[in-house]
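Here is a briefing for a reader who meets this structure for the first time. Please look over the sequence and the model before going on to the notes that follow.

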Amino acid sequence: MIEFRDVHKWFGELHVLKGINLKVDPAEVLVVCGPSGSGKSTLIRCINRLEPIQKGALIVDTMKVHESKTNMTRLRAEIGFVFQQFNLYPHMTALQNVTLAPMKVRKTAKKEAEDQGRYVLEKVGLGDKLHQYPAQLSGGQQQRVAIARGLCMRPKIMLFDEPTSALDPEMINEVLEVMRNLAREGMTMIVVTHEMGFAREVAHRVAFMDFGELMEIAPPREFFAHPKSERTKLFLSKILTH
Amino acid sequence: MGRLNGRPIVYMSSAMLETFNFRVIFEYLPLFWSCFLATLWLSAAGLLGSLLVGTLACGLRISRFKLLAWIAGVYIESIRSTPLLVQLFFFYFGLPSLGFRMSESATGILALTLNSGAYMAEIVRAGIQSISHGQVEAAVSSGLNYLQRMRHIILPQAIGVTLPPLLGQAIVLVKDSALLSLISLSELTRAGQIMTSERFMPAEGFLTSALFYLIIYYILKGLTHWSQKRLIYMQT
């Protein structure tokens, strides 16, 4: 589904991805963790070319993201992206937020888009908030609208960039619950997060990134019980005891 | 004249009221009305011009082409750092001496346009830059192209955010148009001056001018209020 082959990325002089090799299968849930600045956000932002890569090959759903002639608009419609800061459109209601792209990109009829929008918002537990503006919703509710916005495009892949980091602690679980259900339904997901409980329970594999390299990648049981590299051990000891 | 609106007048000295000549004001109302219309159209022309100049200058200022951005920057800075009166006198006395001749009203509109345009440019720039880059990324991620992003995400919000300060600038522009009386344009302030010099009634004359400005101010303020109410959803 997603394949990185020796992918390199520079921001000016800064080498942020140093030869990433990674394969994600359909219906797999991969959790990526690592200290801030390790390149994990950049890693998933490359997948829909929010960040272009400079070297290597990146193939998503048989499309070559590394080639500049690839039609990214078509590919992006197949990939849902959830941001740390939600990034909802503040001048639109929840329902308008989730129906805009289906109507404009997929050319779905308004009625059909709204029916689907209602259904998906209901599924993330916001059936009673259809006509609220983002400013009228709590952080957890906003993030669930953002997930619904991605789902309304019926994507093949969902990418999450620290979806719970900007939330108050009591709201984290409602968002994780939606993501758990999504994983159960067989969505291909890459989740950048520090929620190790979620990783243990939901992920098929957990990856650890540091200094722009994938240091370690393993099923959660193995990853948490027997981390191989010293840096993974150190990182886990820091975030699991706090 | 013992009662006004059914309440006895106790605060105002009756001597002042007796000397205040309402009859002359009525006599001069036709003049004030035509000058009021002149102020309206000079301001409207200046407003329209400054919106165009301001949007253009803003577009240049944030463009990638360094030279264009620099030119727009010089224009905006030099207008904002000098008095409108000096700019007006330069266009009125200075340009003809360099060989450019224009009518008084064209000079007046040019001065208002270029002056207000510099402020408009900064307002529009603030509006566009107030839209978080994250929203644009979200729109890109869901496959919306550049025109769709402009049409559905950026412009509706930029217009919404800039409307109240733009109307504020419009109020400033109307008041600044009073300076056009100095280049002998028959507008509201000039009407007050005419009444003063013909009848020597400066209190009546300038108070009447002020009342007409007040009418324009309240119309624009009403619009500002209305535009702000439409923005309530933006407040977090």
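Is A:Asp6 buried, partly exposed or exposed? With a relative accessibility of 35%, A:Asp6 counts as partly exposed, and the reading comes from a predicted model.

**Chain A as a whole**

- The secondary structure of chain A amounts to nine helices and ten strands.
- The C-alpha trace of chain A spans about 55 × 45 × 30 Å when it is taken along its principal axes.
- A compact globule of 242 residues would have a radius of gyration near 18 Å, and chain A, which has 18 Å, agrees with that expectation.
- Of the 242 residues in chain A, 58% are buried, while the chain exposes about 10700 Å², of which carbon and sulfur atoms supply 49%.
- When contacts in chain A between residues at least 6 apart in sequence are considered, 64% of them join residues at least 24 apart.

**The six-stranded sheet**

- Six strands of chain A make up an open sheet in the order β6-β7-β8-β3-β9-β10, and their pairing is mixed.
- The edges of this sheet are taken by β6 (79-82) and β10 (213-218) of chain A, each of which has a single partner strand, so one side of each is left without a neighbour in the sheet.
- From one strand to the next, the twist averages 15 degrees.
- Helix α1 (residues 40-47) of chain A packs on this sheet and touches β3 (29-33), β6, β7 (157-161), β8 (188-192) and β9 of chain A, with the helix direction making about 150 degrees with that of β7(A).
- In general, the strands of a sheet pair through backbone hydrogen bonds, in either a parallel or an antiparallel sense.
- Strand β9 (residues 205-210) of chain A pairs with β10(A) in the antiparallel sense, over five bridges.
- Within this pairing, A:Phe208 stands opposite A:Glu216 in β10(A), and the bridge partner of A:Asp210 in β10(A) is A:Glu213.
- The two strands β9(A) and β10(A) form a hairpin with two residues between them, and A:Phe211 in the turn has a positive phi of about 50 degrees.

**The four-stranded sheet**

- A further open sheet of chain A consists of four strands in the order β2-β1-β4-β5, with antiparallel pairing.
- Its edge strands are β2 (14-24) and β5 (63-64) of chain A, each of which pairs on one side only.
- Strand β4 (residues 55-60) of chain A runs antiparallel to β5(A), and two bridges join them.
- In that pairing, A:Val60 has A:Met63 in β5(A) as its bridge partner.

**Residues with a positive phi**

- A:Asp6, whose place is in strand β1 (residues 2-11) of chain A, has a positive phi of about 50 degrees although it is not a glycine.
- A:Phe86 lies in the loop between β6 and α3 (94-104) of chain A, and its phi is near 65 degrees, a positive value in a residue other than glycine.
- The relative accessible area of A:Phe86 is 11%, so this residue is buried, whereas A:Asp6, at 35% relative accessibility, is partly exposed.

**A buried arginine**

- A:Arg144 lies in helix α5 (residues 139-151) of chain A, and because its relative accessibility is 10%, A:Arg144 counts as buried.
- Leaving aside residues up to four places away in sequence, A:Arg144 touches A:Val124, A:Gly125, A:Leu126, A:Glu174, A:Val175 and A:Val178.

**Cysteines**

- A search of the whole structure, over all chains, finds zero disulfides.
- A:Cys33 is accordingly in no disulfide, and the nearest cysteine sulfur, that of A:Cys46, is 18 Å away.
- A:Cys33 counts as buried at 0% relative accessibility, and B:Cys58 is buried with a relative accessible area of 2%.

Terms used. Residues are numbered from 1 along each chain as its sequence is written. Chains are lettered from A and ligands numbered from 1 in the order in which they are written. This is a predicted model: local features need pLDDT of at least 70, side-chain atom pairs count only at pLDDT 80 or more; totals for chains, interfaces and linings use all residues. Side-chain values use heavy atoms; hydrogens and water are left out. Two strands pair if DSSP finds at least two bridges between them. Axes are lines fitted to C-alpha atoms, for helices over the stretch in contact, and angles run from 0 to 180 degrees between N-to-C directions. Contact means heavy atoms within 4.5 Å. A disulfide is a pair of cysteine sulfur atoms within 2.5 Å. Buried means under 20% relative accessible area, exposed over 50%, partly exposed in between (1.4 Å probe, protein chains only). The radius of gyration is taken over C-alpha atoms; the globule rule is 2.2 Å times the number of residues to the power 0.38. Accessible areas come from the Shrake-Rupley method with a 1.4 Å probe; for residues, only the protein chains shown count as cover.
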